[in-house]
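Hello,

Here is the structure I said I would pass on. My notes on what turned up follow below it.

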Amino acid sequence: MSCSDIAKEIYSKKLYLQKNGSMAPPRQIRARVKKYPQYFVIKDAKIHLSKSSELTKKLQEKKTFNLHQLSFLPHLHGEDGVKKKSITQVVSPDFKKGFMPWIDKNTKVLILGTMPGDISTEQLSYYLNPSNTFWKIMNRLFNSTDHFEKSRDFLSSIGIGLWDVYKEGIRKGSLDSGFSIHPVPNDIKGFIKKHKSIKYIVFNGKEAHDAFLKEIGDVNVSCIVMPSTSSTNTHMTFDEKFDAWTQLKKILKQVKHNSTP
């Protein structure tokens with residue numbers, strides 16, 4: 001890519017802005033790149049990854065590794081900049097970042113997915129792909145409104161919170177199989193220790209549970225795996241998924257009873 005193309009890409013994704021909110025000039029990109037010859041090469045007025053760099057080798061080998069291993073990469077920064085983002089996000093347009101946990105002091109049950117899909121990421125909230133039946137199941141299960149925002153308020157009021165196993169990663173598309181670099185997990189163990197009101201974890205699908213076991217391991221709360229509400233779960237009908245998720249009402253009743261003095 002040319003310096004101009006990279007500057008436009010960085011600006012379009014709001015990875016770096018100047019103090020006045022404008023795009024970084026191409027000459028600034030070129031100046032930054034020239035500081036790191038071990039990672040980048042300028043040839044024919046275009047910027048390329050150095051063939052000898054660790055990142056290039058990893059991507060070419062397509063081996064699984066953790067984003068923390070990319071800490072050797074430089075960061076986009078500057079005295080006149082107001083945003084600082086890892087160069088990893090610039091190198092890969094498939095960088096995805098999850099959401100903050102949606103809980104409050106009354107949360108008793110935490111529902112965990114793997115990581116938000118692209119549609120949810122674009123709309124900045126959980127389970128917003130129309131083909132995902134999560135909200136349809138919740139609304140029917142608790143006789144709540146079909147309106148998304150009110151559904152969120154309702155779940156919060158009955159002690160349900162939402163989060164994901166993974167914090168961020170490089171993933172093409174929305175499927176977990178699209179991860180080309182091992183994603184970074186959330187600190188769920190530390191989170192559970194801090195938020196002692198959480199007594200139960202419900203996994204939205206086997207993939208979320210498998211990721212949890214691989215990345216987190218055991219936690220000192222009860223856990224259960226529910227069928228994935230994703231449209232990729234074609235092995236079950238909606239009614240079958242709904243019947244399985246009815247256990248959530250029993251779990252809520254149980255944890256609330258156990259929490260009663």
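Lys189, Lys193, Lys196 and Lys199 come together on the surface as a patch of positive charge. Please keep in mind throughout that this is a predicted model.

Next, the salt bridges. The whole structure contains three of them.

- Glu168 and Lys97 pair through their side chains, at 3.0 Å from N to O. This pair connects distant parts of the chain, with Glu168 in strand 8 (residues 166–171) and Lys97 in strand 5 (residues 95–97), 71 residues apart. Glu168 is buried, at a relative accessible area of 16%, while Lys97 is partly exposed at 39%.
- Asp239 and Arg140 form a salt bridge between their side chains at 3.5 Å, N to O. Because Asp239 belongs to helix 10 and Arg140 to helix 6, the pair ties together parts that are 99 residues apart in sequence. Asp239 is partly exposed, with a relative accessible area of 43%, and Arg140 is partly exposed as well, with 42%.
- Lys206 and Asp210 meet at 2.7 Å, N to O. These two are four residues apart in helix 9 (residues 206–215), so about one helical turn separates them. Lys206 is exposed, at 55% relative accessible area, and Asp210 counts as partly exposed at 34%.

A search of the whole structure gives 10 aromatic pairs. In one of them, the ring centres of Phe134 and Trp135 are 5.2 Å apart and the planes stand at 85 degrees, so the pair is edge-to-face. Phe134 and Trp135 are both buried. Phe134 also pairs with Trp245: the centres are 6.2 Å apart and the planes are at 85 degrees, which makes this pair edge-to-face. Here Phe134 in helix 6 (residues 134–141) and Trp245 in helix 10 (residues 238–245) link distant parts of the chain, 111 residues apart. Trp245 is buried, as is Phe134. One aromatic cluster is formed by Phe99, Trp102, Tyr126, Tyr127, Phe134, Trp135 and Trp245.

How much of helix 6 is buried? Six of its eight residues are, so helix 6 is largely enclosed by the rest of the structure. The buried residues are Phe134, Trp135, Ile137, Met138, Asn139 and Leu141. Just after helix 6, Asn143 has a positive phi of about 55 degrees.

Regards

Notes:
Residues numbered from 1 in each chain as written. Predicted model: local features only at pLDDT ≥ 70, side-chain atom pairs only at ≥ 80, totals over all residues. Heavy atoms only, no water. Patch = residues over 30% accessible without salt bridge, like charges linked within 9 Å, V, L, I, M, F, W, Y side chains within 5 Å. Areas by Shrake-Rupley, 256 points an atom, 1.4 Å probe, with all protein chains shown as cover. Salt bridge = Lys/Arg side-chain N within 4 Å of Asp/Glu carboxyl O. Lys, Arg positive; Asp, Glu negative; His and termini not counted. Charge placed at Lys NZ, Arg CZ, Asp CG, Glu CD. Phe/Tyr/Trp six-rings, centres within 6.5 Å; stacked < 30°, edge-to-face > 60°. Buried < 20%, exposed > 50% of the residue type's maximum accessible area, 1.4 Å probe, protein only.
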